[in-house]
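Here's a quick tour of one protein model. Take a look at the sequence and the structure first, then we'll go through a few spots together.

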Amino acid sequence: MQSQPDNKPVGVEDLERKKKKEEKAREKELKKLKAAEKAELAKLKSQQVADAPKKSAKKNIKRYTGEENPGDYVDPETPFGEKKRLSRQMAKQYSPSAVEKSWYAWWEKSGFFVADANGPKPPFVIILPPPNVTGALHIGHALTSAIQDTIIRWKRMSGYNALWVPGMDHAGIATQVVVEKKLMRECRLTRHDIGREKFVSEVWKWKNEYGGTILRQQRRLGASLDWSRECFTMDERRSRAVTDAFVRLFKEGLIYRDLRLVNWDCILRTAISDIEVDYVDIKDRKLLKVPGYEDPVEFGVLTSFAYPLEEGLGEIVVATTRVETMLGDTAIAIHPDDKRYSHLHGKFAIHPFNRRRLPIICDAILVDPSFGTGAVKITPAHDPNDFEVRRRHNLDCINIFTDDGKINSNGGSEFVGMPRFKARQAVTVALQEKGLYRGSKNNEMRLGLCSRTNDVVEPLIKPQWYVKCSGMAKQALDVAVDAENRKLEIIPKQYTADWKRWLENIRDWCVSRQLWWGHRIPAWYVTLEDDKLKELGAYNDNWIVAKDESEARTEASYKYEGRKFDLCQDPDVLDTWFSAGLFPLSVLEWPDDTEDFKTFYPTSVLETGHDILFFWVARMVMLGIKLGGDVPFRKVYLHPMIRDAHGRKMSKSLGNVIDPLEVINGISLEGLHKRLEEGNLDPNELTVAKAGQVKDFPNGIAECGADALRFALVSYTAQSDKINLDIQRVVGYHQWCNKLWNAVRFAMSKLEDNFVPPVEVHPETMPFSCKWIISVLNKAILRITSSLESYEFSDAATAVYSWWQYQFCDVFIEAIKPYFAIEDPTFSSERKSSQEVLWLCLETGLRLLHPFMPFVTEELWQRLPSVKDGHRKESIMMCDYPSSVECWTNERVELEMDLIESTVKSLRSLRSEGLRKHKNDRIPAYAYCQREEVADVIKSHELEIVTLAALSSLEVLLSEKDVVPARCAFENVNENLKVYLKVQGELNAEAECEKIKNKIEEIQKQQEKLKKTINASGYEQKVPVHIQEENAAKLAKLIQEFEFFEKESSRLEAVNGCN
């Protein structure tokens, strides 16, 4: 605390000496401030402060007489992992970089995040959706972390054995692509050049060196993850779980191998999942850049050509957007009721390039006779719809593409070896030469592109492993929609309908991927010595699924007893979503029956984006029930997707991608531009992206800190399916952190050096403002905990913000200032109560806020004095979360304060409207009351109103008894109270008359509307009695207000002469 200088009479000589002393002090302070700007010297001074003996430091504080030492406001250096060393004085401004420093390392080292599988507390478990090992933190991750850390910190403080498990996904395709690019960039080699074993070794080396960046970045956000349980989907334990799951499912008949169409990426040479396909809508002809092709490729074109018919029956015309696939056509389909082609039933067309006979088949499911020519070419190996036609009609299935997208030998010698889109041109030319080309036209279409490579996805027929989903899907559906046996709640509820629709129409899941990085499929192919076909997979019955090669060999020896054979493991790996689907099981050490699994499975809630509800969430539920015996979590909370402030999807090419670390640390516009330049945008995209950044971030992004970013993201969750993120809102919460900081600084300045916090408070003996703030604090506690319980995080954030901002800072702190303004003994009791309540509000309010803003609340809480002889927790995060106290609530006090606040608001409004020249002057005001009980309330709270409205005085007047003084501006508070402000010659009489006239007109309209309702036919018979009573009371109030304004109008006309 700063000591106050003695108030003694001083002479001229004393003043001179004081003046010289102050000048020297200013010079000295200037030198110190300059020195403090130098980092090394500031560090040295801070260390000296930290190393000074405590007794000496205390003496220095007592001797302090107004000369500031900048070092007192700088936190000393804290050795990594130790509890943060705080500055002797609170800094005058909040600095996120200073506040958020050192706390996390101490929390982690102290073991505050670690859950105990043998602990007595009830478990509460969240699994962090495992980010890709290749990833860096993006704003979606920040949203996930902000929500989940809010939940886990709240539950930890609420007495739960809270476990938040971190992990990383091996991200098969993404990681392989990154390492392949690195090999090509550094060594000019492909993975095929170095072979599988060495390539996988290179991936592990990359993972150990560069992987996991994103988990380190989570610490910067304050994520209180249990790092002792950190796992990786490819580590030994998780890999064993994946193998075990595959073998179990296979033995139960839920995994099988089949020849089907898959989404194929010709660059990666692998099947990809539906979630890895991005669709582009093409309205008409359009040239697109395709990887591997120098020239752009044309899409949005429908090409028509003719097939000659046998028996001299002429020709039949078909149309396609992929003319190259005609090389694999095996039939032509027509509608059975199409009379144009009734003569062709059972006939054949002839393929012009290989003379293959194509049957004319009738298919009412596929063919729409009104579309095009009514004839459809059928290519079962390269089109999903045609593949189903093949099944219905037992057609041949001819694949014409190699794995890298070139025409194979099935496509004919004329085209073999051609890349598919060059073959498109060649086939068109060849059709023209044969006189079979019938033209082309624009055609609207959807084009599937791989999200990893931007390659055009090719439907390709491949033998793959599939998971049979129908039975498991029914179980997953029932646990969410069966009202009597519901085990899974989906929040928001609107997504339950999507869950139902998808699971009712689920298809079997292809889990094979033609990659080298991932979980190798635990299946071995048996090639028997006497097999005619020796290639891998030639006979589907020759597969053995086992946990390892030794087990597979034993099983094969039993199955093929006495026969010679060779074993070869399937070269494919499992879809990354397979191991991700097992994550709630594997992170808790399934299939072993460990303490972690017994204590923490099923987990409590899964929090993730709604975009992966099916690709991940549904699969976890299916596998969890099947393998774990129960749903993997009791609740699913789906957060919105983040867009930019304009509602656009974030894209590097638009320049609107927001890096959360840049929001936390701040970045200049030049820095944003530099990040774009280091990317892989082409020159045109770079220009557009930079222009977007200039528009959205003309001054860059200000340093906001993790707390402000977290609070903003959580407060945004009320927006249904998407968040339009405006960085200025984050900046606003950073400014709010500064207000919070200064409020605590003020409050701390009112707590004397020897202040001892109370063990408990007794509101009934306290002054009005103290009773009120405790009561509304109690209400805030109830609202916040209720909102958190119902996963309405935005409501919880709003409630905690509102209490701090609008009740504690704006009202309570201002209302109690008179108690501390002068050493008035008449206020000693009020001062003591205010100190106790200040501490109570700070301590409780910081605990309320902590799950949302962990850093600033920890720092401020650590500065609070502790209860005498009470056991103080090491950290705020280990404290109990506030719970309501019944005796704190005081409805009467809250109602009275509502009236006071309305009165103050009206007086402030009058001041801002009518006193522009003297808006900061304290002037007299009058409260004109219609009823004595209202007058009594206003009189009893005169001090609060005068203080909050910055008045010189307040006189309470009673209707029918007192007269309002002339030259007063007027404002209506409610039907029982009006306020007047003495304006000293500034009154605009005409404006006041106009205001009253408008009010009278408004009341008349309301009266007429209400009378019309009351006088309507059948009103008394049809309208409930309580509604009739409410309407009668409303009408009485309106009549009362009308009479008042009529009198006020007459008074103003008499005094000011306005008409």
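In what order do the 3 strands of the open sheet come? The order is β11-β10-β16, and the pairing is antiparallel. Keep in mind that this is a predicted model, where local features need pLDDT of at least 70, side-chain atom pairs count only at pLDDT 80 or more, and totals for chains, interfaces and linings use all residues. Residues are numbered from 1 along each chain as its sequence is written, and side-chain values use heavy atoms, with hydrogens and water left out.

**The sheet**
- The edge strands, β11 (315–320) and β16 (437–442), each pair on one side only (strands are DSSP runs of E, at least two residues, numbered from the N terminus; two of them pair if DSSP finds at least two bridges between them).
- From one strand to the next, the twist averages 20 degrees (axes are lines fitted to C-alpha atoms, and angles run from 0 to 180 degrees between N-to-C directions).
- Strand β10 (residues 301–308) pairs with β11 over 6 bridges, in the antiparallel sense.
- Phe 305 has Val 318 in β11 as its bridge partner.

**Two helices** (DSSP runs of H or I, at least four residues)
- In α15 (residues 495–504), Tyr 495, Trp 499 and Leu 503 are buried (under 20% relative accessible area, 1.4 Å probe, protein chains only).
- Down the axis of α15, the buried residues fall within an arc of 70 degrees, so they line one face of the helix (the arc is that of the directions from the helix axis to the C-beta atoms).
- An α-helix has 3.6 residues a turn, so residues three or four places apart point the same way.
- Helix α30 (residues 854–863) has 10 of its 10 residues buried, so it is largely enclosed by the rest of the structure.
- Among the buried residues of α30 are Phe 855, Glu 858 and Trp 861.

Key. Buried means under 20% relative accessible area, exposed over 50%, partly exposed in between (1.4 Å probe, protein chains only).
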